[in-house]
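Here are my notes on this one, written as numbered points. Have the viewer open while you read them.

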Amino acid sequence: MRITVIGSGYVGTTTAIVLASLNHQVIGADIDTSKISKLKKGILPFVEPGLNDLLSEMLKTGRLNFTDNIVTAIQESDVIYIAVGTPSREDGTADLRYLQAVADRIAGAINGYKVIVVKSTVPVGTNRWLSDYLSDKIGNPKLFDVVSNPEFLREGSAMYDTLHPDRTVLGGMSGHAIEILKEIYQPLGSKVLITDWETAELIKYASNSFLATKVSFINEMCRIAERAGANVVEVAQGMGMDVRIGAKFLNAGIGYGGSCFPKDVKALIATARELGVELKILEAVETVNRTQPLFYLKKLVQTLRETVDKPWIVALLGLTFKPNTDDQRESPAIRIVEELLPDCQEIRIIDPTIEFPDQTPWPDERKVVVCKTVEEAFSAADAAILCTEWEMFAKINWEEAVRCMRNPILLDGRNFYNPEQLRAAGIRYLALGRGNST
Ligand SMILES: NC(=O)c1ccc[n+]([C@@H]2O[C@H](COP(=O)([O-])OP(=O)(O)OC[C@H]3O[C@@H](n4cnc5c(N)ncnc54)[C@H](O)[C@@H]3O)[C@@H](O)[C@H]2O)c1
């Protein structure tokens, strides 16, 4: 099959590489010329374990090419995937301007029948709108079919997830187009669910919103555990042992972030509102998540105030929203830095994906320092905060850290460490909801 994937971000690039590995002839297209020139040279423009090797391998086969010429990319393929961003607008609704720009390009370039596959996460009603919009612009509805094929990959394991999907959801009106998509994915052997457009769109939002609900739920349990002297880690363990509940997405901490959960929860609330439905659970999920980083931080600030005068030096371990990605979008660590900054002499960030200040949201802020080593970050620090559970932070020698720090205090924002081990090393260990001792 000749396939074009428009949008070469986390989703589009992964999709293009994996489709090439399934023996399709694939073009990855993007308007960002710097991304395209990197991809052509075999360099991933983002961090994603394992994907760079598969990219190099696929470029060598000649089955994968990248271009910034969107028109040619559309004309040379029979199946056009759309994987552009759908960020939040101020009011929480999804901004569909990139999708519409691609629709305009397709309408202007179409030179024969195309299956148009919407991989971007789009609000309920968008695939139907796209089909009508293209019909109007092209003037011949027989020249294309639109299929909704929401993406469920997780950054950090994007390649594995794309090669081993739990399910493939295909939403649409055209049996012919759905058959083409089934054939494309057939080598993956995943379960296929065929629905209409609206159902496929809602499956994606409902899935992300449900996972976000699990996170905010355990974070509320964490708040009770903190007051009651219970241990939220064991509460989650006990809940997760119930197969009806499952253990995943039950780690209490500073909250969820990233490019999907925050925007998708907001967009679903906005869509529901437009449809005259109030989503009370999701509104609460959002509120808990928005307040969670500061709820955690309060404990550290109180301890610091009792211990040492301002301005403080704080080491921040991890800025990305989760490990194994360089994605900082909506990372709760950013909220923490912004909240702490006025009271700090320096915030020293250490994150394996960050080398220079211009890779942070504060390129010109002299109080934000990017460190290359843990020793540098800890030197004379008044406290450390673990925001992202990167593997490198599991290997910290805490006895040495205690010797480097002015005040050996650690706020564990992800319940990552064993409290006893850290206390034995001489750290004043702070976490939330981990029993009476924290
Ligand atoms: N990142 C994830 O983990 C993930 C997972 C599932 C679904 N999604 C959804 O997939 C979509 C893409 O997400 P992403 O994280 O890959 O976004 P991204 O921001 O990493 O990439 C989007 C790309 O689209 C390109 N683009 C924008 N307008 C274009 C145009 N007119 N023509 C060609 N290219 C254009 C941008 O230059 C950018 O490279 C979003 O709707 C997102 O919600 C993302």
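The points below go from the ligand site to the rest of the chain.

1. First, the caveat: this is a predicted model. Please read every distance and angle below as computed from that prediction.

2. Start with the ligand. The shell around the ligand holds 28 residues, and those that come nearest are Asp 30, Lys 35, Thr 86, Glu 155 and Lys 263. By class, the shell splits into 12 nonpolar, eight polar and eight charged residues.

3. The side chain of Asp 30 has an N or O atom 2.6 Å from an oxygen of the ligand. For Arg 329, a side-chain N or O atom sits 3.1 Å from a ligand oxygen. With Ser 259 the ligand atom is a nitrogen, and the distance to a side-chain N or O atom is 3.4 Å.

4. How much of the ligand does the protein bury? Taken alone, the ligand exposes 830 Å², and 90% of that is buried by the protein.

5. On who supplies the shell: α1 (10-21) and α5 (97-109) are the elements that give two or more residues to it. Of these, α5 gives the most, with three residues. At the domain level, domain 1 (2-195) and domain 2 (204-286) both contribute residues to the shell, so the ligand lies between them.

6. Now the salt bridges. The search of the whole structure turns up 19 of them.

7. Two backbone spots are worth checking by eye. Most peptide bonds are trans, and most residues other than glycine have a negative phi. The bond from Lys 310 to Pro 311 is cis, with omega near -5°. Pro 311 is in the loop between α12 (280-307) and β9 (312-317). As for Asn 324, its phi is positive, about 65°, although this residue is not a glycine. Asn 324 is in the loop between β9 and α13 (332-340).

8. Last, the annotation. An unreviewed UniProt entry labels residues 315-419 "domain: UDP-glucose/GDP-mannose dehydrogenase C-terminal". Over residues 315-419 the chain is 25% helix and 20% strand. The end C-alpha atoms of that stretch are 19 Å apart.

Notes. Residues are numbered from 1 along each chain as its sequence is written. This is a predicted model: local features need pLDDT of at least 70, side-chain atom pairs count only at pLDDT 80 or more; totals for chains, interfaces and linings use all residues. Side-chain values use heavy atoms; hydrogens and water are left out. A residue is near a molecule or strand if one of its heavy atoms lies within 4 Å of it. A polar contact is a pair of N or O atoms within 3.5 Å; within protein, one must be able to donate a hydrogen and the other to accept it, and residues adjacent in sequence count only if both atoms are side-chain atoms. Accessible areas come from the Shrake-Rupley method with a 1.4 Å probe; for residues, only the protein chains shown count as cover. Helices (H or I, at least four residues) and strands (E, at least two) are DSSP runs, numbered from the N terminus. Ala, Val, Leu, Ile, Met, Phe, Trp, Tyr, Cys and Pro count as nonpolar, Asp, Glu, Lys and Arg as charged, and the others, Gly among them, as polar. Domain bounds come from an automatic or database domain assignment. UniProt positions are given in the numbering used here, feature names are shortened, and annotations may be inferred rather than shown by experiment. A salt bridge is a side-chain nitrogen of Lys or Arg within 4 Å of a carboxyl oxygen of Asp or Glu.
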